[in-house]
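Work through these exercises with the structure open beside you. Try each task before you read its solution.

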Amino acid sequence: MVDDPEAPPAPPEARDPDAPTHPAHDLSTHLKSYEGHPAAVSATGKDPVNLPMIRHWCEALGDTNPAYTGPEAIAPPTMLQAWTMGGLGGLGGLGGPGGPGARGGHTGRAQAYDELLALLDASGCTSVVATDCEQEYLQPLRPGDEITFDTVIESVSDRKTTKLGTGHFVTTRTDVRVGETLVGTHRFRILKYAPAQAKKTPPRPRPVVNRDNAGFWEGVERHRLLIQRCTACAALRFPWLPGCAHCGGPDWDTVEASGEGTVYSYVVMHHPPFPAFDPPYAVVLVELAEGVRIISNLVGTPYDKVRIGMPVRLVFQVYDGELTLPVFRAAEEAAAEEAAV
Amino acid sequence: MRTGDELPPVEIPITRTLIVAGAIASRDYQDVHHDPESARHKGSPDIFMNILTTNGLVGRYITDHFGPRTVLKKVAIRLGAPNYPGDTMVLNGRVETVEGATATVRIVGTNRIGNHVTGTVTFSLRDAEGTPSEHTRA
């Protein structure tokens, strides 16, 4: 997962507040109620069976079988599923409606399968892997054949514990036709599972708080950005220091920053990647309206859209659910957001 | 061809190119089959071969051995240890049943982690005229 303060990863149970919460047993019963429901009805292959796709397949797999070339060419029978795939433009991913990557938007797709996958996602089974594929080839497919297919949800297993994690096996069966003729069947099993060792984003580095800067961090906790001011010469200073750089005076009070500023300079971090960060990202030096400068991050603006002189506004962002940090947003964007609220 | 016959093993180097080309040729754009960073985010050490490519390689193993007269009838496979780049999968087969012109071969594909694929392939052999031969039980 990326370290994106705009979209903190929600725990699965928080993703859909309207989703009913089921104890494991009830969930299994609910999941089983999808057995026998269609996952695709009279769906159409995106392309007719064709020689270029056959050739690409043969080249990729190193298959030199002469049956797949020439005027009498047939499609490799094991390509059956490929003709049902939505690809990038359609349902995305593996196996047509019977595949784990199916995400909707496919002609002929039935709602039951989307619902089933959503239920599994909501129960924490967000990952997917294909485990079984069983195909029968009744008639060879030839260039020009236009396929249609129907998929039914054959079974949904109880919660199983596997090496990958706990989850449910979902088995679908697809009948592939050319016209009225059944040319092949395709049984496909996926495991929708909650990964056993989900990769957690490491926490942001914590600030070192000492007696010289404790007041600053206390201010941040209260969502106030405090600038030190020398009580002897009134010079503002930031970051916090024990004494005044102008007059050497040790005494100070604070001024609260208005939050307005501009990007004075910035760098884009590409390398090395620190665990809690997701490069590339911009590190900005913001000149506050009060005249002092602060190093921070600009959130909500792509790293390559950051510009020197850009007006920015202070916001307080909570990281890892506990660490408050002063960061900045593009002033335009911050204003638009406030207007929308 | 007789029950119990062993097919010669075939070694298939699992290159990054094979994994990606197989995924795209089968129109499978799941990121775990082409994007190592996304695969790692999802808990996998690297990209891995998709089931459709494995299915195609299993079919190829049989048609390469028995020749272009082979007519595939059924391929049923189960996946286990993933095929990661840099590994080698060794396919082995053993004739399980022969009935007239139709035979079933049990296949297993192993990599350095374990069994990547196990399953069966059922096929028949056409004679020169294109009809199923009755002479497969040589």
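**Exercise 1. Chain B as a whole**

How much accessible surface does chain B have, and what percentage of it belongs to carbon and sulfur atoms?

*Solution.* Keep in mind that this is a predicted model. Start with the area: the accessible surface of chain B is about 6,000 Å². Carbon and sulfur atoms account for 51% of that surface. Next, look at burial. Chain B has 138 residues, and 52% of them are buried. Now list the elements. There are three helices and five strands in chain B. Read from the N terminus, their order is β-α-α-α-β-β-β-β. Last, take the contacts in chain B with a separation of 6 or more: 65% of them link residues 24 or more positions apart.

**Exercise 2. The cavity**

Find how many cavities of 30 Å³ or more the whole structure holds, and name the residues that line the largest.

*Solution.* First, the general idea. A probe the size of a water molecule, rolled over the atoms, shows where empty space is left. Here the search of the whole structure gives one cavity of 30 Å³ or more. The largest cavity holds about 30 Å³ of space. Its lining takes in A:Lys46, A:Asp47, A:Met53, A:Ala82, A:Trp83 and A:Met85, together with B:Arg27. Sort the lining by class: four residues are nonpolar, none is polar and three are charged.

Now stay with B:Arg27. Locate B:Arg27 in the loop between α1 (16-25) and α2 (36-41) of chain B. Check its backbone: phi is positive, about 60°, although B:Arg27 is not a glycine. Is B:Arg27 buried or exposed? The cut-off for buried is under 20% relative accessible area. B:Arg27 has 15%, so B:Arg27 is buried.

**Exercise 3. The second largest pocket**

Describe the second largest pocket: its volume, its lining and the elements that supply the lining.

*Solution.* Begin with size. The volume is about 620 Å³. Then count the lining: 23 residues line the second largest pocket. Nearest its centre lie A:Pro207, A:Trp217, A:Ile295, A:Ser296 and A:Leu325. The elements of chain A that give two or more residues to this lining are α5 (214-221), β11 (281-288), β12 (293-299) and β14 (323-330). Which element gives the most? β12(A) does, with five residues. Finish with the classes: 15 nonpolar, four polar and four charged residues make up the lining of the second largest pocket.

**Exercise 4. The neighbours of β12(A)**

Work out how β12(A) pairs with β11(A) and with β14(A).

*Solution.* β11(A) and β12(A) run antiparallel and are joined by five bridges. One facing pair is A:Glu287 and A:Arg293, the latter in β12(A). The two strands form a hairpin, with four residues between them. In the turn, A:Gly291 has a positive phi of about 110°. Now turn to β14(A). Its pairing with β12(A) is parallel and spans two bridges. There, A:Val299 stands opposite A:Arg329 in β14(A). As for cover, five of the seven residues of β12(A) are buried.

**Exercise 5. Two partners for β6(A)**

Compare how β2(A) and β5(A) pair with β6(A).

*Solution.* First partner: β2 (residues 127-137) pairs with β6 (residues 181-195) of chain A in the antiparallel sense, over ten bridges. Here A:Glu134 faces A:Arg187 in β6(A). A:Thr172 has A:Phe188 in β6(A) as its bridge partner. β5(A) and β6(A) also form a hairpin with two residues between them. A:Gly179 in that turn has a positive phi of about 60°.

**Exercise 6. Backbone features in loops**

*Solution.* Go along chain A. A:Ala234 sits in the loop between β7 (226-230) and β8. A:Ala234 has a positive phi near 70°, in a residue other than glycine. A:Ala234 is partly exposed, with a relative accessible area of 47%. Next comes the cis bond between A:Phe238 and A:Pro239, with omega about -5°. A:Pro239 is in the loop between β8 (236-237) and β9 (252-256) of chain A. Then A:His271 and A:Pro272 are joined by a cis peptide bond with omega about 0°. A:Pro272 lies in the loop between β10 (260-269) and β11 of chain A.

Methods:
Residues numbered from 1 in each chain as written. Chains lettered and ligands numbered in written order. Predicted model: local features only at pLDDT ≥ 70, side-chain atom pairs only at ≥ 80, totals over all residues. Heavy atoms only, no water. 1 Å grid on protein atoms, 1.4 Å probe; cavity = no way out; pocket = protein on both sides within 12 Å on 5 of 7 lines; lining within 4 Å. Points joined across faces, edges and corners; volume = space filled by probe spheres on them. Nonpolar A, V, L, I, M, F, W, Y, C, P; charged D, E, K, R; others polar. Buried < 20%, exposed > 50% of the residue type's maximum accessible area, 1.4 Å probe, protein only. Contact = heavy atoms within 4.5 Å. Areas by Shrake-Rupley, 256 points an atom, 1.4 Å probe, with all protein chains shown as cover. Pairing = 2+ DSSP bridges.
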